[in-house]
Amino acid sequence: MCIGCGLASLACCISSAACSCCCAACPSCKNSTSTRLMYGILFVIGAIVCILMVAPSVQTSLASIPFLCAEDSSLVATLKKLFDIPDTIDTKQVCSLVVGYQAVYRVCFGMTCFFVLLAVIMLCVRSSKDPRSGIQNGFWFFKVLILIGIIVGAFFIPFGTFEKVWRIFGMIGSFCFILIQLILIIDFAHSWSESWKAKMDDSESKGWFCALMTSTIFLYMVAITGIVLCFVFYAIQPAATCGLHKFFISFNLVACVGITVLSVLPFIQEYVPHSGILQPSVISVYTVYLLWSAMSSNPDDKCNPGLEQILKLSNGTDVSPLGISGEDWVGMIVLLFCVIYASIRTASTSNVGKLTGNNDMADYGSGEVLIDEGKDSSSPSGDVEDQKVWDDEEDSVSYSYSFFHFMLALASCYIMMTLTNWFDPNLEDKESLLAGVGAMWVKIISSWVCLGLFVWTLLAPLILKERDFS
């Protein structure tokens, strides 16, 4: 797989030619795929660093080191002088510049600037013949150094105004990425269904039919279980009516049933032949996740009992790895899945292809995920068995370089806002970051937008009959 080649590229970190040497033990793969996976790996490493920085257990461990966060620590004095921090700011907030919510803001700022810079440099690159494609596909050692340099430089930004201004940009970028994430989830649902249906029709085997039905039933069982648990723990509370939560659950439940019925209607399947119940099952599970995430962000403790109370654990028991909530872990997993999927996904007729402006590509089949790439006619020699990494973009690029980097920049903003739960990192009471009305409404509206976008993918071929949606 090209993931191995991407790791080898990370090891050599110099150029495309070096990547070819390092990939001697890896399966053959296209340069475009290996490059995207490399950027995906860099993004994942950055995300892991942010998770470690915001983890309460890590902060506590570092704070216990005498020379780091003690009142008379030389490091604290240096940071106050370096960032022009007033003496009224306590030691705990000063230490958060090194590890904590403040540090997450600066790391994500560096990642965002790095990807935005690459997005600007790669504007209007049409093929690998453009000299700028060498920057995209090579010079990994220097790009990693630049990324580290920008992140380190971000820690020298003065304390105070930066966080407030950058938070506004982070919220805007996060909302934009949520829209892209919804499109990626919907594209995955359609691609999965199309792929398995095509294999079922080609092989005429009942095995694919059983796999399709088993997956669909399992996903609906997960969605139904999630709805029931949400209703039991977030809507039925003796101390409050929780009417808003009941509305959220009821509305999303009816909407999930509605998209399932809509997907199998004869007039829909006439214009969307690949429509079935697998796609709405995927969307239903994702909608239930967003529903749970939204209700977990409600600041009303009477309607948001928290994981400890739900699991009936004793007070003070830490049920979250590294002190990060389960909801945030699920959100990070979904985020990383979308980034990896966007890195290996290419299709002339896919939502991803249209989203990146590559819907006119003719060298790729419909709905392909670039995992098995043994041979390809785009190789210069025509025989790629002896070539581990080859240039498949001499005629045209496989994806929009600029948009791919722009998406990773928005994803960096989303990581920042997710780990700080959409709130101001200057707040002294960090517990207030665990829940908020703003985060709740952003997430629940996202679930409704997801449902709306999926419905549009079903109705668009029926409404816009003159357009080709095949």
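A crossing is left-handed if the near helix is turned anticlockwise from the far one by less than a right angle, and right-handed if clockwise. Helices are DSSP runs of H or I with at least four residues, numbered from the N terminus.

Entry on the model. I noted that this is a predicted model, where local features need pLDDT of at least 70, side-chain atom pairs count only at pLDDT 80 or more, and totals for chains, interfaces and linings use all residues. Residues are numbered from 1 along each chain as its sequence is written, and side-chain values use heavy atoms, with hydrogens and water left out. I looked up pLDDT, the predictor's confidence in each residue from 0 to 100: the chain mean is 74, and 65% of the residues reach 70 or more. In residues 7–25 the pLDDT is below 50.

Entry on H11. I found helix H11 at residues 161–203, with 43 residues. From first C-alpha to last, H11 reaches 62 Å, close to the 63 Å expected at 1.5 Å a residue; the expected span is 1.5 Å times one less than the number of residues. Just after H11, glutamate 204 has a positive phi of about 50°.

Entry on H11 and H15. How do the axes of H11 and H15 cross? They come within 8 Å and cross at roughly 150°. Axes are lines fitted to C-alpha atoms, for helices over the stretch in contact, and angles run from 0 to 180 degrees between N-to-C directions. H11 and H15 are therefore roughly antiparallel (under 35 degrees is roughly parallel, over 145 roughly antiparallel, 65 to 115 roughly perpendicular, the rest oblique). I recorded their crossing as right-handed. Residues in contact (heavy atoms within 4.5 Å) include Ile185 and Trp192 of H11 and Val282 and Tyr286 of H15. This contact has eleven nonpolar, four polar and no charged residues. Ala, Val, Leu, Ile, Met, Phe, Trp, Tyr, Cys and Pro count as nonpolar, Asp, Glu, Lys and Arg as charged, and the others, Gly among them, as polar.

Entry on H13 and H15. I saw that the axes of H13 (residues 243–263) and H15 (residues 278–296) come within 10 Å and cross at roughly 170°. H13 and H15 are therefore roughly antiparallel.

Entry on H8 and H11. Helix H8 (residues 101–121) packs with H11 at about 55°, the axes 11 Å apart. That makes H8 oblique to H11. I recorded this crossing of H8 and H11 as left-handed.

Key: Helix = DSSP H or I, 4+ residues; strand = E, 2+ residues; numbered from the N terminus.
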